[in-house]
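User: I would like to learn how to read strands, sheets and backbone angles in a model like this one. Could you take me through it step by step?

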Amino acid sequence: EQNLAILCWNVRCLNCPDRQSVVHETIAASSCHLVCIQESKLQTIDSHVAAYLGGYRLKNFTHRPADGTRGGILLLWDDSVVTISSVQYGTYFLSATVALNNASDAKTFKLTTVYGPTRSIHKDDFFLELTSQKPPNGTKWLVNGDFNQIYRARDKNRANVDHSRLVRFRNTLANCRLKEIHLQNQKFTWSNERSNPTLCKLAGFFCNDN
């Protein structure tokens with residue numbers, strides 16, 4: 001049975017040709033079967049744009065539109081390898097059932113891709129929405145994306161951490177029975193790109209015990 005290769009990427013907008021070209025070339029050169037893109041900033045995506053972004057190999061897609069120019073989640077997949085069904089959209093997530101073609105039911109799982117809010121006043125709504133996606137017991141669940149939130153103080157290189165919100169996010173992960181698939185060879189995923197930068201780990205993968 002084939003392993004499934006997943007690419008997860010906050011592209012920080014797909015509304016310019018140069019950025020679309022970078023995504024196209026990266027996916028075309030990869031061996032991924034399924035791509036989760038956050039912050040597309042696109043309200044509409046047609047089949048031609050999706051096929052181009054997917055390197056003309058990942059032609060199937062579903063899209064959670066951006067809110068104006070904010071957010072937006074795009075899921076691309078190779079339908080010769082996987083079948084996507086039961087798609088759901090929320091304010092901050094896109095969920096679907098993923099099944100490997102010609103594989104046992106054991107290779108079926110729920111995938112939730114998130115783009116968490118940047119504003120503090122929306123964080124608790126995001127935590128509640130993530131909790132609402134917790135599947136029935138016995139269901140494999142993989143959650144990935146840009147959470148725009150840390151759950152450990154060491155995931156930021158500065159001491160100015162909102163510990164109350166950190167605890168609320170950690171409690172959300174515990175309620176969902178999610179644990180991190182730890183990032184290898186890199187400590188942070190975001191930088192404000194200043195000369196003395198603030199660095200955070202805002203993106204990642206989580207899964208349940210199943």
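Analyst: Let us begin with what pairing means: two strands count as paired if DSSP finds at least two bridges between them. With that rule, and bearing in mind that this is a predicted model, 6 strands form an open sheet in the order 5-6-7-8-12-9, and the pairing is mixed.

User: Which strands are the edge strands of that sheet?

Analyst: The edges are strand 5 (82–89) and strand 9 (179–181), each of which pairs on one side only. From one strand to the next, the twist of this sheet averages 25°.

User: How many bridges join strand 6 to strand 7, and in which sense do they run?

Analyst: Strand 6 (residues 93–100) and strand 7 (residues 108–115) run antiparallel and are joined by 7 bridges.

User: In what order do the strands of the 4-stranded open sheet lie?

Analyst: That open sheet has the order 1-2-4-3, again with mixed pairing. Its edge strands are strand 1 and strand 3 (60–64), each pairing on one side only, and the twist averages 10° from one strand to the next. Helix 1 packs on this sheet, where it touches strand 1, strand 2 and strand 4, and the direction of helix 1 makes about 160° with that of strand 1.

User: Over how many bridges do strand 3 and strand 4 pair?

Analyst: Strand 3 pairs with strand 4 (residues 73–77) over 5 bridges, in the antiparallel sense. A residue pair to look for here is Arg-64, which stands opposite Ile-73 in strand 4.

User: Let us turn to the backbone angles. What is the phi of Cys-13, and where is Cys-13 found?

Analyst: Although Cys-13 is not a glycine, its phi is positive, at about 105°. Cys-13 is found in the loop between strand 1 (6–10) and helix 1 (17–28).

User: Is Cys-13 buried or exposed?

Analyst: The cut-off for buried is a relative accessible area under 20%. Cys-13 has a relative accessible area of 13%, and is therefore buried.

User: What is the phi of Glu-39, and is Glu-39 buried or exposed?

Analyst: Glu-39, also not a glycine, has a positive phi of about 55°, and it is found in the loop between strand 2 (34–38) and helix 2 (47–53). The relative accessible area of Glu-39 is 13%, so Glu-39 is buried.

Terms used: Residues numbered from 1 in each chain as written. Predicted model: local features only at pLDDT ≥ 70, side-chain atom pairs only at ≥ 80, totals over all residues. Heavy atoms only, no water. Helix = DSSP H or I, 4+ residues; strand = E, 2+ residues; numbered from the N terminus. Buried < 20%, exposed > 50% of the residue type's maximum accessible area, 1.4 Å probe, protein only. Axes fitted to C-alpha atoms, helices over the stretch in contact; angles between N-to-C directions. Contact = heavy atoms within 4.5 Å.
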